[in-house]
Amino acid sequence: MRYLVRRLGHAFFLLAGASVLAFLFTALAPGTYFDEMRLNPQIAPETVAALRVQYGVDKPLPLRYASWLNSVLHGDMGFSFAYNGPVAPLLVVRARNTLLLTITSTLFAWAIALPLGVWSAERLGRLSDRLLSWGTAVLLVIPDLALALGLLIVALRSGSFPTGGMASVDFETLSPANKLRDLALHMILPVTALVLSTLPLLVRHVRASVADVLDAPFLLAALGHGIPKRTLLYRYALPAAANPLISLFGFSIGVLLSGSLLIEVVMSWPGLGPLLLEAILARDLYVVIGGMLFSTFFLVGGNLFADMLLYWADPRIRAESNAR
Amino acid sequence: MKVEATATGKNVHPLLKVENLVKRYTKRSLAGTPEELLALDSVSFTISPGTTLAVVGESGSGKSTLANCLACLESPTSGNIWFEGKDIVKLEERACRQVRRQIQLIFQDPASSLNPRWSAFEVLVEPLILQRKFNREEIKKRVNYWLGRVGLSQDIVGRSPMELSGGQRQRLAIARALTLEPKLLILDEALSALDCSVQAQIANLLMELQGSLGMTYLFITHDLAMAAHFADEIAVMDRGRIVEQGPPNKIFIQPEQETTRRLLAAVPRIGRGDQSALER
Amino acid sequence: MRVRRVLTRWLVTLGVLHGIVGFAGFFAPYDPVEQDRKSPYLPPMRFHLIDGQGHFHARPFVYALKLREGSFDRYVENTTEPQPVRFFMKGARYRLLGFLPCRRHLFGLENTRIYLLGTDAYGRDQLSRLLFGGQVSLLAGLLGAGITLSIGLCIGAVAGSFGGWRDSLLMRLAELFMALPWLYVLFAIRAFLPLAVSPLRAFFLIITVIGIVGWARPARLVRGVVLSAKERDFVRAARGFGATHGYLFRRHILPETSSVLLTQAAILIPQYVLAEMTLSFLGLGVPEPVPSWGNLLSSLQQYSVLVSYWWIYLPALAMVPFFLGYLGLASSLQERGAAYKIESRIWGI
């Protein structure tokens, strides 16, 4: 239990630190930022004046942080100039789409990487293993950008997949089952791109971790007891390798989050990626900072989830934390 | 360098006098109570010039901490160390560096005390370069002299320490320490990592050097037999304290403490086991 | 040793690849910003040895392209006039390595222009843009990695050497930076900075941004090395000879960090090239007309271009041999580090 509390505290610390960074970003700009706003003909001068007061530009830094944090925790993440409205609702919708993509890709990637890695570790050094290593190396050296664009070319040429957006034009008129099918069809391309870009990394690490464990004497003993190979691999070896793999899981969430940014733009998936890009090009600072905060929140959350998985999976950690 | 060693050396001024040396380690963690480790518990002894004092004890008895404190690499929590009449505990960094020259440390593992990325020559001249008092001619002269003195040939200077044998490495370490012409040499388990035959060779070298140069040794070991072979006086350490002290004969024939007897019993004996002489 | 030979092979391969890009002026037939408005979106020309009449030419040649009847963007080869390829011919001026004025190019055509990788919307030779763009992208990766490793070395050294509260503070900071998804942070910092700057300023701006974001992991690794090196006996021995802290760090501890730094460099450089490509592709990096592998691809954001003009996609794959080389370098460096450790264990160090 203490372990979980400690990890929770750690997560809070990280989020607090990220919030300070985010605040510093907003705070360092306002001087010039509000000037730029004033020059923008689309924004009324009253709005600028009101915003200046609201964000308390003249107060000392810690006070501003406190009031900023207060607003954020109440759901007010600033004002978007491009969309002429509050930032938070914009982000929430897009974040939901990004999460959908990221979580699906994570599940698929691990679902493929685990068996592949175990299979490869079992046949370490043999031809099949070497072929797989070559395959992952090839995938590893192709940049995500090239992968995404390449998949897009294939899809456009064949015309069988929808190649953009999240929903077809007639989405609202479909039945629930068809809505799901439509969503899934639209997800195929971006998910494939994301999975392919992270797969080689995962497979390599799973293979390495499981190969390490396969050397252990306790497995030899279990084999001697007549336990069948499949059980051996999945119920003895894999749990023993769980520790580094769960850490890798946390790390892979970060990789996937950043990767999804690019893939969403390329594939026109309406997630945080295209929103942030527009925001940067429109100098819409609060959207960008908000996006950074959201993504950090997901990453820290994902890592916390991984920590909890670790607690559940590794009896040594349970014992150590309960012994105190 | 005068040869002024006597077996007991009681009439001569001691080179080193340690008085009530205490060293306490506190481990502070972010949560929970700080842990305290008492490595040295009021240790006192003296060493006369030209003699060898052997400090014998099991691992964890505080021997290495003692070596570090004496060589001015660590500061003791309290107590005094008188070297040639001056208290070296209170010295600040600059003066400490001067004193460090005079007291040299030879480590147990010669492989780790010589930087494997350097050549033997670079290893050897490092102390001379650090002293900044010698020009190239002087350095070369000293290097050649000491190499010969410890029984190493000239052609090893180009090689990396990794390429040398254990005995050669330890000779190199000794030569390196001697280039500074120290007064006191602390040998921290210096022979323990070597093969038996090599141990004998190095031990003889050390004794020969002591004889001709009048070196004073503080010999730290867990091997009582080696200590007996080597030392004029033996001090037995246990858990940070000196429990027994005396010349080798006395320790072997009339051990007083349990610790000493345990160490004696660990000494392998060739031939008939004459138990009665050991038991008391 | 076998590992050393493999390492050398990868270094040589990378050296050749970088050399080709470094001497882009020579290998590229034309200036990368030179436009040919009459030839937009030309497909790549092919080498031929046998002409339409069945004659064999010893010197390879290409056909100029002309518009197909009734089409505005489909081309066919003009088989009436074979254009022999000339090698080492004089062409546009360029500066070798940035300062030596030169005019020789590896190949070219006498009468018309050769487009081995086609052209883009402005009729610019894609091959030349690819080679010169490589200079920009690779340099961004190298310099960015240099910045990151410098920062990481400083911070890791301070944390490891001093320990105490400095160490705790710096490592907590490192954890914080590692908890942020890097591309989002990159975006955030980029959002700050002015959008429309000159290509040179943009270049240095993004190098700095990319370099700053990634300092945490190298810093932690350096700290680990410094911590363990501090405890080594030869460091204690040197202190016994009267060494100052500065000497110890310079002569004993710093060399130990070299293997970690090299391995990190081999891992970071391709990542940073990719980061530059991503930024430039999205229009946030190096702006037109300066080519970079990223902005060469930005026209692909329009599906029409993506489908019709497949050769514009090729720069995306330009990175692949470099990635492969750096991957091989990194794994052989890691193997060398591991082998060194095993060797040390054998020798008892």
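1. In the contact between chain C and chain B, 17 residues of chain C meet 22 residues of chain B, where two residues count as being in contact if their C-beta atoms, placed from the backbone, lie within 7 Å. The model is a predicted one, in which local features need pLDDT of at least 70 and side-chain atom pairs count only at pLDDT 80 or more, while totals for chains, interfaces and linings use all residues. Residues are numbered from 1 along each chain as its sequence is written, with chains lettered from A and ligands numbered from 1 in the order in which they are written.

2. On the side of chain C that touches chain B, at least two residues each come from α8 (233–240), α9 (245–281) and α11 (315–347) of chain C, and α8(C) gives the most, with seven residues. Helices here are DSSP runs of H or I with at least four residues, numbered from the N terminus.

3. Sorted by class, that side of chain C holds eight nonpolar, five polar and four charged residues; Ala, Val, Leu, Ile, Met, Phe, Trp, Tyr, Cys and Pro count as nonpolar, Asp, Glu, Lys and Arg as charged, and the others, Gly among them, as polar.

4. Chain C is assigned domain 1 (45–115) and domain 2 (129–347), with bounds that come from an automatic or database domain assignment. The centres of these two domains of chain C, taken over C-alpha atoms, are 40 Å apart.

5. Within chain A, the contact of α7(A) with α8(A) involves A:Asp144, A:Leu147, A:Ala148, A:Leu151 and A:Ala155 of α7(A), together with A:Leu189, A:Thr192, A:Ala193, A:Leu196 and A:Ser197 of α8(A). By class, this contact has seven nonpolar, two polar and one charged residues.
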